[in-house]
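Thanks, everyone. I have one structure to go through today, so please look at the screen.

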Amino acid sequence: MTRRPLPSLDELTRPQAQGWACVWCGESLHTAQGGVSAGRAADSTGYSVEVYACPIPYGCGPFRHGPAVPMNARTGVIR
């Protein structure tokens, strides 16, 4: 399996370059799940920084914050 190529550091926003946002979708990683390393993105001069992505298994998209759990399911009682 080949890895998805990272964008150039020159193409990233400041939050993406500093690890605050997902390198792929730009969503904030300041959640309970945090982020996972996606590798190192380099700029045109060769300077590189580690960048992060939405966590596995949620990934990018509408399910990135995890599956929804109904309030009554948390107590084990479904009414």
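The lining of the largest pocket is made up of Arg-3, Arg-4, Trp-24, Val-36, Ser-37, Ala-38, Ala-53, Cys-54, Ile-56, Gly-59 and Cys-60. Bear in mind that this is a predicted model. The space in the largest pocket comes to about 250 Å³. By type, its lining residues are 7 nonpolar, 2 polar and 2 charged.

Which strand gives the most to that lining? Strand β1, residues 36-42, with 3 residues.

On to the strands. β1 pairs with β2 in the antiparallel sense, over 6 bridges. At Ala-42, the bridge partner in β2 is Ser-48.

Now the faces of β2, residues 48-53. Val-49, Val-51 and Ala-53 are on the covered face, while Ser-48, Glu-50 and Tyr-52 are on the uncovered one. In a regular strand, side chains alternate between the two faces of the sheet.

Next, the largest nonpolar core. It has 11 residues: Leu-9, Leu-12, Cys-22, Val-23, Leu-29, Ala-38, Ala-41, Val-49, Val-51, Ala-53 and Cys-54. β1 and β2 are the elements that give two or more residues to this core, and β2 gives the most, with 3 residues. In soluble globular proteins, nonpolar side chains tend to be buried together.

Notes:
Residues numbered from 1 in each chain as written. Predicted model: local features only at pLDDT ≥ 70, side-chain atom pairs only at ≥ 80, totals over all residues. Heavy atoms only, no water. 1 Å grid on protein atoms, 1.4 Å probe; cavity = no way out; pocket = protein on both sides within 12 Å on 5 of 7 lines; lining within 4 Å. Points joined across faces, edges and corners; volume = space filled by probe spheres on them. Helix = DSSP H or I, 4+ residues; strand = E, 2+ residues; numbered from the N terminus. Nonpolar A, V, L, I, M, F, W, Y, C, P; charged D, E, K, R; others polar. Buried < 20%, exposed > 50% of the residue type's maximum accessible area, 1.4 Å probe, protein only. Pairing = 2+ DSSP bridges. Core = buried A, V, L, I, M, F, W, Y, C linked by side-chain atoms within 4.5 Å.
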